[in-house]
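Try each task before you read its solution.

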Amino acid sequence: CMKNGEDAVIDLIAVDPDHYGKGLGKALVSGALAHYRGGATGMRVGTQGTNNPSISLYESMNFVLQEKMATYHWHETGASS
């Protein structure tokens with residue numbers, strides 16, 4: 001989590017697959033919301049469009065979709081000689 005301007009941002013959270021369904025993701029998001037309550041005007045989150053469990057978690061906590069974005073990563077495939 002971090003503050004970005006007036007908003008707080010959850011860039012990435014993760015839960016070990018062995019512990020899915022135990023409320024840990026919700027606890028992490030709740031902790032972030034509590035931490036920034038009063039110190040930020042809102043909370044933004046990012047997740048992959050195909051990560052349905054993550055999307056469901058955020059929707060269950062009253063987050064709403066505001067925009068979709070694509071992120072591209074460049075990886076060098078090898079050193080040139």
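A residue is called buried under 20% relative accessible area, exposed over 50% and partly exposed in between, with a 1.4 Å probe and protein chains only. The model is predicted, so local features need pLDDT of at least 70 and side-chain atom pairs count only at pLDDT 80 or more, while totals for chains, interfaces and linings use all residues. Residues are numbered from 1 along each chain as its sequence is written, and side-chain values use heavy atoms, with hydrogens and water left out.

**Exercise 1. The overall layout**

Task: find how many helices and strands there are in the chain, and describe the extent of its C-alpha atoms.

Solution. Start with the elements: helices (H or I, at least four residues) and strands (E, at least two) are DSSP runs, numbered from the N terminus. The chain has two helices and three strands, and along the sequence they follow the pattern β-β-α-β-α.

Next, take the extent. Along the principal axes, the C-alpha atoms fill a box of roughly 55 × 35 × 20 Å. The radius of gyration of the chain is 16 Å, whereas a compact globule of 81 residues would have one near 12 Å; this radius is taken over C-alpha atoms, and the globule rule is 2.2 Å times the number of residues to the power 0.38.

Finally, look at burial and contacts. Buried residues make up 16% of the 81 residues. Contact means heavy atoms within 4.5 Å; among contacts between residues at least 6 apart in sequence, 62% join residues at least 24 apart.

**Exercise 2. The sheet**

Task: work out in which order the three strands form the sheet, and which strands stand at the edges.

Solution. First, the pairing rule: two strands pair if DSSP finds at least two bridges between them.

Second, β2 (residues 7–10) pairs with β3 in the parallel sense over four bridges. Here A8 stands opposite M43 in β3, and I10 has V45 as its bridge partner.

**Exercise 3. The core and its aromatic pair**

Task: list the residues of the largest nonpolar core, then find how Y58 and F63 are arranged as an aromatic pair.

Solution. Begin with the definition: a nonpolar core is a set of buried Ala, Val, Leu, Ile, Met, Phe, Trp, Tyr and Cys residues joined through side-chain atoms within 4.5 Å. The largest has 10 residues: A8, I10, V29, A32, Y36, M43, L57, Y58, M61 and F63. Two or more of them come from each of β2, α1 (24–36) and α2 (52–60), and α1 gives the most, with three residues.

Leaving aside neighbours within four places in sequence, I10 is in contact with C1, V29, A32, M43, R44, V45, G46 and Y58.

Now the rings. Rings of Phe, Tyr and Trp (its six-membered ring) pair if their centres lie within 6.5 Å; planes under 30 degrees apart count as stacked, over 60 as edge-to-face and the rest as tilted. This rule gives one aromatic pair. Y58 and F63 form it edge-to-face, 5.4 Å centre to centre with 70° between the planes. Y58 is buried because its relative accessibility is 5%, and F63 is buried because its value is 15%.

**Exercise 4. Around the end of α2**

Task: decide whether N62 is buried or exposed, and do likewise for E59.

Solution. N62 lies in the segment after α2. With a relative accessible area of 68%, N62 is exposed. Its phi is positive, about 70°, although N62 is not a glycine. Most residues other than glycine have a negative phi.

Step back into α2 for E59. At 52% relative accessibility, E59 counts as exposed. S60, also placed in α2, is partly exposed at 46%.
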